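Here are a few notes to read alongside the structure, for anyone opening it for the first time. Have a look at the picture, then work through the points.

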Amino acid sequence: MFIQVGDSVKMRKPHPCGSDTWTLTRVGADVKMKCAGCGHVVMLDRQDFERRCKKVIPGNNASTGDNANV
Ligand SMILES: [Zn+2]
């Protein structure tokens, strides 16, 4: 599974706030993501993340190998 910071992901199980969409804020051995509905942040290990993820919606990362200056 190819994922990168800035991508949106849909999880199999919606968050209690009602949103099933999350934004990736860190990708590595662990994946950190923020709920699009309530802003809650969770960290999962990569394997756990890939099991729970339903769909990846690529973010607008135009460049590759370059981190955005934000
Ligand atoms: Zn939420």
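1. A word on terms before we start: helices (H or I, at least four residues) and strands (E, at least two) are DSSP runs, numbered from the N terminus. Read that way, the protein chain runs β-β-β-β-α-β from the N terminus on. That comes to one helix and five strands. Keep in mind that this is a predicted model.

2. Now the sheet. In what order do the five strands sit? They form an open sheet, E4-E3-E2-E1-E5, and the pairing is antiparallel. E4 (41–45) and E5 are at the edges with a single partner strand each, so one side of each has no neighbour in the sheet. From one strand to the next, the twist averages 35°.

3. On one side, E1 (residues 8–11) pairs with E2 (residues 21–27) in the antiparallel sense, over three bridges. E1 also pairs with E5 (residues 53–57), again in the antiparallel sense but over four bridges.

4. Which residues does Val9 stand opposite? In E2 the residue facing Val9 is Trp22, and in E5 it is Val56. One step along, Lys10 stands opposite Thr21 in E2. As a reminder, side chains in a regular strand alternate between the two faces of the sheet.

5. Val9 and Trp22 turn up again in the largest nonpolar core, which has six residues in all. For background, nonpolar side chains tend to be buried together in soluble globular proteins.

6. What is Trp22 in contact with, leaving aside its neighbours within four places in sequence? The list holds Ser8, Val9 and Met11, and then Met33, Lys34, Cys35 and Ala36.

7. Last, the chain as a whole. Of the 70 residues of the protein chain, 9% count as buried. Among contacts with a separation of 6 or more, 31% are between residues 24 or more positions apart.

Definitions and conventions. Residues numbered from 1 in each chain as written. Predicted model: local features only at pLDDT ≥ 70, side-chain atom pairs only at ≥ 80, totals over all residues. Pairing = 2+ DSSP bridges. Axes fitted to C-alpha atoms, helices over the stretch in contact; angles between N-to-C directions. Core = buried A, V, L, I, M, F, W, Y, C linked by C-beta atoms within 7 Å. Buried ≥ 20, exposed ≤ 12 C-beta atoms within 10 Å, placed from the backbone. Contact = placed C-beta atoms within 7 Å.
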